[in-house]
Amino acid sequence: MEESIPSISSGTVGSRFVSANDVESARKKREESWKAAYARLGQEPPPQPVEDAYDGRSLAEKLAANKAAKQEEWEERNRLANQFRALEEDEVMFLDTVRERQHDEETKRKQMDDEELKSFRVYVPCRANLFLL
């Protein structure tokens, strides 16, 4: 009866599996061949990428963590935007009156400066004529 039970190592099923030792030895052999090839070229081999560590979490846990990270990043980007609010109508009206008042004061100041400059220009030639006499 023992002969009727197929062995995993024999046949087509067993030939598709590779042991961890075989994978590790193949990786070491590949690294050695790369180093030898770069040594023949006289160059320093580039750093090998570090393989990702095994993550035992389920796919649902990984997706939930990614979603939480993206949500936190989005909230951080939009946090500053939520601190500002639009001005209300009465605030806008107040700021408009302040701006108009400043504009009026600036216009009056400019008119006064123009009048003083005009009177100065009239006075300077008259004063020059007094010295000539």
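Is Leu87 buried or exposed?

First, some ground rules. What you see is a predicted model, where local features need pLDDT of at least 70 and side-chain atom pairs count only at pLDDT 80 or more, while totals for chains, interfaces and linings use all residues. Residues are numbered from 1 along each chain as its sequence is written, and side-chain values use heavy atoms, with hydrogens and water left out.

Let's start with the overall picture. The chain has four helices and zero strands, and along the sequence the pattern reads α-α-α-α. Helices here are DSSP runs of H or I with at least four residues, strands are runs of E with at least two, and both are numbered from the N terminus.

Take helix H2 as an example. This helix covers residues 20-41, which is 22 residues. From its first C-alpha to its last, H2 reaches 32 Å, close to the 32 Å expected at 1.5 Å a residue. That expected span is 1.5 Å times one less than the number of residues in the helix. After H2 comes Gly42, with a positive phi near 80°.

Of the 133 residues in the chain, 2% are buried. Buried means under 20% relative accessible area, exposed means over 50%, and partly exposed is in between (1.4 Å probe, protein chains only).

So, back to my opening question. Leu87 counts as exposed, because its relative accessibility is 52%. You'll find Leu87 in the loop between helix H3 (59-79) and helix H4 (89-132). Together with Val92, Phe94 and Leu95, Leu87 makes a nonpolar surface patch of about 380 Å². Patches are made of residues with over 30% relative accessible area and no salt bridge; like charges are joined within 9 Å, and nonpolar side chains (Val, Leu, Ile, Met, Phe, Trp, Tyr) within 5 Å.

Next, the charged residues. Side chains of opposite charge can pair when their charged atoms come close. The rule for a salt bridge is a side-chain nitrogen of Lys or Arg within 4 Å of a carboxyl oxygen of Asp or Glu. How many salt bridges does this rule give? The count comes to seven, and I'll show you some of them.

In helix H2, Glu24 and Arg27 sit three residues apart, about one turn of the helix. Their side chains meet in a salt bridge, at 2.1 Å from N to O. Glu24 is partly exposed at 32%, and Arg27 is partly exposed at 23%.

Asp55 pairs with Arg57, and their closest N and O atoms are 2.9 Å apart. Asp55 is partly exposed, with a relative accessible area of 31%, and Arg57 is partly exposed at 38%.

Over in helix H4, Asp96 and Arg99 are also three residues apart, about one turn. Their salt bridge has its closest N and O atoms 3.5 Å apart. Asp96 counts as partly exposed because its relative accessibility is 27%, whereas Arg99 counts as exposed because its value is 53%. Elsewhere, salt bridges that share partners join Glu24, Arg27 and Glu31 into one network.

Let me finish with Glu31. This residue lies in helix H2 and is partly exposed, at 28%. Its C-alpha is separated by 8.8 Å from that of Gln48, a residue 17 positions away along the chain.

Conventions: Accessible areas come from the Shrake-Rupley method with a 1.4 Å probe; for residues, only the protein chains shown count as cover.
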